[in-house]
Amino acid sequence: MSGNILTVSPSPHMHGNQNVPKIMWGVIYAMIPALLVSIYFFGLEALRVTLIAVAACVLFEFLIQKYLIKGMTTIGDGSAIITGILIAFNVPSDLPWWIVIIGSLVAIGMGKMSFGGLGKNPFNPALVGRVFLLISFPVQMTSWPVVNPLFSGKLVDASTGPTPLAIMKEGLANGETVTALKTQIPEYMDLLMGNMGGSLGEVSAIALFLGALFMLFRKIISWHIPVSYIASVIIFSGILWLINPEQYVDPLFHLITGGLMLGVFFMATDMVTSPMAGKGQIIFGLGCGVLTILIRVFGAYPEGVSFAILIMNAFVPLINRGFKPVRFGEKINI
Amino acid sequence: MTLKTFKLGGIHPPEHKISAGKAIELMPIPTQVSIPLGQVLGVPSIPIVKRGDQVQVGQLIGKGEAFISAQVHSSVSGKVLKVDGVPDSSGYRRNAVLIEVEGDDWTDGIDRSTELNRNIRELTQSDIIEKIKSSGIVGLGGATFPSHVKLMVPKGKVAEVLLINGVECEPYLTSDHRLMLERGEELLVGCQILMKGLGVDRAIIGIENNKMDAIDHLASLIADYPGISIQALKVQYPQGGEKQLIKACINREVPSGKLPIEVGAVVNNVGTAFAVYEAVQKNKPLIERIVTVAGKSLMESANFQVRIGTPISQLIEKVGGLPEDTGKVISGGPMMGKALNSLEVPVVKGTSGILIMNAKEAKRSRAVNCIRCGKCTAVCPMGLEPFYLAQLAKYEDYSGCEKNRIMDCIECGSCMYTCPSYRPLLDYIRLGKTQVGKLMRSRQN
């Protein structure tokens, strides 16, 4: 008999190959197509903002864990990088560097670390950062640079213009009709590809969708939140549109403009701040959709995705309590 | 053939069935055995031999007198050394009969021929139940519930169908697989005996489709056995769980806290069906079983036919000894098996396999914060919320545990297998279950 010392522990003695860094890096890979598209449309400015946000988030997480909490540092798990990229996706490409850094500090410090780090935060940290910036620096946060694709040869001075959502909102408020306003915004095909004004990650619905497919395939996200969120946006805005198509814009416009796709696929699906079981996730998605349209159509801001998701984040504990999974044996089917 | 499976939760761990191609080998009789008196999910039996007694193979040495208990027979012939506490797979000392082997002397009346005996016409229901009881047969899938008790249908309930569990969903294990391939006819006769004992005319053998050879083999034999059918199942863990198997095969859900008979089903393992055949047709009590020995670092893997009471160390010696890098030795499969602290633990009726894991596999990773991904909830085959139950148990909210149906947990380990944060979910849930069990018992008294 050899002198091996045997490990004794309760079962199971096997573990699947999923772990936190793998999931987080999977999300990062899924954001790459959207990042590339934003660099294409907004130039190297987009890359600059992204790098600053990521570096700031990782650095703040490290400093807070090392010197304030004095615990283990977990920057290797990639979650701070995600927060950084999401902050960059949520701001205009010409945002001054110091505002980006303030946003990162708020996101990581207030949004995440003050609650105890990854997994403990009730609100999506990147959205906390974004909303903080939106309220603190409304001018800089809502001046969107005009799209100037790389290699297009056009020499445009750094000029800014409103987003399609803002054009629509302002116009409708001034009594113009949807048909008239549509002439002022790009074609739907351009909107779909991302050829419009807006923050970095809001641009290309297709690139975001590609990333979402990758996450679905890797089982990082499940279908519940994206499907219910999109369905509720279509249904709710569709009802309004059917009531008066000249007063309320059609559902497709809502789907492909603004931060909806980014919110649907990358922020509402954040594991930490969404409900645990399928039923609850569907309720969460439905709530996000209704709130988004409510804010876009009747609220003060042209865009409502961030607020909608943050508000629904607050309901997550309640949803978890109220909507339990289907228990085995609840119904006997003979 | 349409594949069936259960719908709620479930995982698909790598199968690692490395010993699937290894025919059953007869393990040599050891020089000494220790036969535990408590090899049953119930009351341990009472020893009826003492130090110095001579015993024969198949002789009764422990009497199960309580309702949920089982007889224990000697698996060897020789002299009783002592009746004493011996550490079992749980690490606790439990009463066992230690026998020094002398020859291989069987009691009279045991038919040791391999000739198939298919004649069950004269058997009555009470004969069968009595024979299974006196042969000490317990559920060989690992739960070790006395088999004769399962055949005694409580008043007011009706048994409609017998399910035979040939799923073997645990990775590595192949003992049931080999049994179905090599003892197919015997198993089917055993199945018929169980049907008769239960008073049903329908039996379904559920087998996962990673054992197509076993499915084909048994399907080619069933023409001679009316009432028995084979159901191929899509591979999914924990399909071998009683409730999951019933759901997969006949689409009925056993209600919380109830037994399968509630939905008209009785489940027995293929190994049990074979043991029933041997007991009833050959008069041979349960003194042997098939044990898989496997592991990535082992020189070879094997399926042994082993006398109960043989020390596990001998099985490992037979496949080339314990590898240098061994970290863990497990009795059972990697998902639900018990890690052993000693290799002198004997093979018991419920030992389906011995698994050797290397140091790297044996190590648990450090748990980090729960990221609330909900994967544990998605894979739970009972529709529970493992993260929540673990939390409640950790903070000692046992009435909360009970309300959230902690006692429904079948301890399959799917939650912990899936958890990306390596959280010890099942450890806490087990603690909670123990406490809730105590609460429930104190309420009854």
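**Exercises: strands, helices and a chain contact**

In chain B, five bridges link β2(B) with strand β8 (residues 93-101), and the two run antiparallel. Strands (E, at least two residues) and helices (H or I, at least four) are DSSP runs numbered from the N terminus, and two strands pair if DSSP finds at least two bridges between them.

The model is predicted: local features need pLDDT of at least 70, side-chain atom pairs count only at pLDDT 80 or more, and totals for chains, interfaces and linings use all residues. Residues are numbered from 1 along each chain as its sequence is written, while chains are lettered from A and ligands numbered from 1 in the order written.

**Exercise 1.** Describe how helices α2 and α3 of chain A pack.

*Solution.* 
- Step 1: α2 (residues 44-69) and α3 (residues 79-89) of chain A pack at about 145 degrees, with axes 8 Å apart; axes are lines fitted to C-alpha atoms over the stretch in contact, and angles run from 0 to 180 degrees between N-to-C directions.
- Step 2: Residues that meet include A:A53 and A:C57 in α2(A), and A:G84 and A:I85 in α3(A).

**Exercise 2.** State how many residues of chains A and B are in contact.

*Solution.* 
- Step 1: Contact means C-beta atoms, placed from the backbone, within 7 Å.
- Step 2: 35 residues of chain A contact 55 residues of chain B.

Notes. Contact = placed C-beta atoms within 7 Å.
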